[in-house]
Amino acid sequence: MFVALFDIDSTLLRTQGAGRAAFVETFRAEFDIERLHGEISFAGRSDRAIVREVLAQHGIEDRPGTWQRFVRGYLRRLERTLVIRRGGLLPGVLPLLRAIRERSDIAMGILTGNIAAGARLKLEHYGIDSFFDFGGYGDHHTDRGGIAVEALGAADAFLRTTHRRSAKPALTTVIGDTPQDVQCARSIAARAIAVATGNSSLSELTAAAPDRALPDLTDRDSILSFITAD
Ligand SMILES: [Mg+2]
């Protein structure tokens, strides 16, 4: 069995800043943080890591209750910002997901820095949640390598239950839009497809040495044959 692990933001879909807006509004309303110091980088990072950094910058103690408060506020606002900001699926995504679902030898999951409930909101909003059976998320991990381990473990648990098979890193492909996606694929010995639909250019992605660097996900047949190569 092959495994395909998809990043969400700027790989499958673009929220036109809905996630960032929900973050900013939550920090302002719940923690009196009016402006985020400098340019907080969101791309390729986990929600847990971003929140930890912002709280530290403002001298707020990062306790379990603080995190839970952030999560509640963020999810409530994300539901609204997803409706206001008019994002959408990226080119080629829906045909690719449909083609993968037709194959009985590929299992599809998520590998994202989003918290699981936030990931679900985004995937549901754009109508693609039903394509994914498992995932690794940014609720607990501050580094993407930890999320990759979680995603591979979830793939393994899924395959054992449904197919009595294990998930093999060498037959697993991570698809993402940042150098961090490529690095986390390598950290679990998986293959990597990098797609230039986010902030990273094709040449920046190529520098991270993925197995394939693509402008977008429209070349369905070559992506499928790469994912299913032995
Ligand atoms: Mg991304």
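**Rings and metal: a quick chat**

Reply: Phe 70 and Tyr 74 are four residues apart in helix H3, so about one helical turn separates them. Keep in mind that this is a predicted model.

Me: Are Phe 70 and Tyr 74 buried or exposed?

Reply: Both Phe 70 and Tyr 74 are buried. Phe 70 has 1% relative accessibility. The cut-off for buried is under 20%, so Phe 70 qualifies.

Me: How many aromatic pairs are there?

Reply: The count is ten. One of them is Trp 67 with Phe 70, which is stacked, with 6.0 Å between centres and 15° between planes.

Me: Where do Trp 67 and Phe 70 lie?

Reply: Both are in helix H3, residues 64-84. They are three residues apart, about one turn of the helix. Trp 67 counts as buried, at 13% relative accessibility.

Me: Which residues do the ring pairs link into a cluster?

Reply: Phe 23, Phe 27, Phe 31, Phe 42, Trp 67, Phe 70 and Tyr 74.

Me: What sits over the ring of Phe 31?

Reply: The charged end of Arg 69, 5.2 Å from the ring centre. Arg 191 does likewise with Phe 226: its charged end sits over that ring, 5.7 Å from the centre.

Me: Now the metal. Which residues are the protein donors of the magnesium ion?

Reply: Asp 7 (OD), Asp 9 (O) and Asp 177 (OD). They lie 2.1 to 2.2 Å from the ion.

Me: How are the donor residues spaced in sequence?

Reply: The pattern is D-x1-D-x167-D. Asp 9 lies in the loop between strand E1 (2-6) and strand E2 (13-14). Asp 177 lies in the loop between strand E6 (172-176) and helix H7 (179-187). So the pair ties together parts 168 residues apart in sequence.

Me: Is Asp 177 buried or exposed?

Reply: Asp 177 is buried, with a relative accessible area of 6%.

Me: And what does Asp 9 count as?

Reply: Asp 9 counts as partly exposed, at 25% relative accessibility.

Notes. Residues are numbered from 1 along each chain as its sequence is written. This is a predicted model: local features need pLDDT of at least 70, side-chain atom pairs count only at pLDDT 80 or more; totals for chains, interfaces and linings use all residues. Side-chain values use heavy atoms; hydrogens and water are left out. Donors are N, O and S atoms within 2.8 Å of the metal (3.2 Å for Na, K and Ca); water is not among the atoms, so sites may look incomplete. Helices (H or I, at least four residues) and strands (E, at least two) are DSSP runs, numbered from the N terminus. Buried means under 20% relative accessible area, exposed over 50%, partly exposed in between (1.4 Å probe, protein chains only). Rings of Phe, Tyr and Trp (its six-membered ring) pair if their centres lie within 6.5 Å; planes under 30 degrees apart count as stacked, over 60 as edge-to-face and the rest as tilted. A charge sits over a ring if NZ of Lys or CZ of Arg is within 6 Å of the ring centre and within 35 degrees of the ring normal.
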